[in-house]
Amino acid sequence: MSTSPGAMLQQCPLLLPQDLHGRVYDGFLSIQDNDFRIRIILPTDLHLQNARVQCSWQLKKALHGYHHIIKQRLQQSPNLVSFMMELKAVLEVALKNTGELQAPPAPQYYSCLVKDFEILGWDKLSFVDTDFSTIKLKIEDSSGREHLITLKLNSKYPTEGPDCCVDFPIPFSVSWTPQNSLQNIYNQILGTLESLKGFWDALDEIDNKTWVLEPEKPTRSATIRRIAIGNNVSITIDVDPRHPTMLPECYFLGADHVVNPLRDKLNSNIHLWDPENSILQNLKDVLEIEFPSRSNLEKTDFSMECGICYAYRLDSAIPDQVCDDPRCGQPFHQACLYEWLRGLPSSRQSFNIIYGECPYCNKPITLKMSTKK
């Protein structure tokens, strides 16, 4: 049995090989916003059924009662990547089943909710499930953006307020008393929406007037944008939702001979940043550039495909590793370049950095393995 390092990296980005032979993997398994420590040791013959799986006490507790299923999956899986997919699926079910069952609501629960709907307005309801435990409200801000809010109610409503799921870039919690209603929640959300108006206005302008490489379909909670500047060159900005006109965190991606002058301009012109202007206009002034838009830029003018797999998007990853040679500048997916370099006899690794040769120009190239996607 053989395990592809690239496939393993895509499936479990926080679980990294600890040796050159791929026999020991150590790190974390991420499920439902939880990171569980795990270590897998394969025997010399790499047969999964003889593997040792060492779990943290949190993971052991979560998988209590599922050990026989895990052992069965370990024996039946053809490789480690397949087993990790099975393990994640079992852990998802285990975590879901640990939730406590709610008692049935009292009769006044429903009459109270119907009264709340009438006060709020039925037109503001987007969805109500059959047992009235999940409600979705649609709210439009002053800029015409429509937002969908999900409320999870328990049987003690209105004594206990609902859990509120919002797509906001800042923490949000409902202030609740037993005398409150859905109208109070609606008003609290509307106030927060207006406080974020400047943030969303700034990012909407960037989304409409530039070529945003990542995220491909940004949510309202996303504060990061990776914007195309030129051939194999981009800038990633992280905007502060509470201060959307201030200078955001900036990170350039591309070959050094192109990126270094941009960094120099940012440092030397930072005094030109004017909070009265939009982020996009400030970036143009400080960097002394015009950002290309997707509508007026030919695909051949901005090649971002991986030089190994010839695809732009590999699952959720895009090519973010670039050859620094001025005559090359070819981008690669981290996983593709990892597999390529690990297959070269001349490559060497020091901690989490791999040294080798560019697949395109054969000039020296380094790959720093990150533990986050």
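Which strands does helix H8 (residues 256-268) lie across? Helix H8 lies across strand E10 (224-230), E11 and E12, and runs at about 160° to E12. Helices (H or I, at least four residues) and strands (E, at least two) are DSSP runs, numbered from the N terminus. Angles run from 0 to 180 degrees between N-to-C directions, with axes as lines fitted to C-alpha atoms, for helices over the stretch in contact. Contact means heavy atoms within 4.5 Å.

This is a predicted model, where local features need pLDDT of at least 70 and side-chain atom pairs count only at pLDDT 80 or more, while totals for chains, interfaces and linings use all residues. Residues are numbered from 1 along each chain as its sequence is written, and side-chain values use heavy atoms, leaving out hydrogens and water.

Now the sheet under discussion. Its four strands form an open sheet in the order E9-E10-E11-E12, with antiparallel pairing. Two strands pair if DSSP finds at least two bridges between them. Strand E9 (212-214) and strand E12 (249-253) stand at the edges, each with a single partner strand, so one side of each has no neighbour in the sheet. From one strand to the next, the twist averages 35°. Five bridges join strand E11 (residues 233-238) to E12 in the antiparallel sense. Asp238 has Glu249 in E12 as its bridge partner.

Another open sheet has three strands. Their order is E15-E16-E17, and the pairing is antiparallel. The edges are strand E15 (348-350) and strand E17 (364-368); each has a single partner strand, so one side of each is left without a neighbour in the sheet. Here the twist averages 25° from one strand to the next. E15 and strand E16 (residues 353-357) run antiparallel, joined by three bridges. The bridge partner of Arg348 is Tyr355 in E16. Helix H10 (residues 334-342) packs on this sheet and touches E15, E16 and E17. The direction of H10 makes about 120° with that of E17.

Next comes helix H5 (residues 107-120). Which residues of H5 are buried? They are Tyr109, Leu113, Asp116, Phe117 and Leu120. Buried means under 20% relative accessible area, exposed over 50%, and partly exposed in between (1.4 Å probe, protein chains only). Just after H5, Gly121 takes a positive phi of about 110°.
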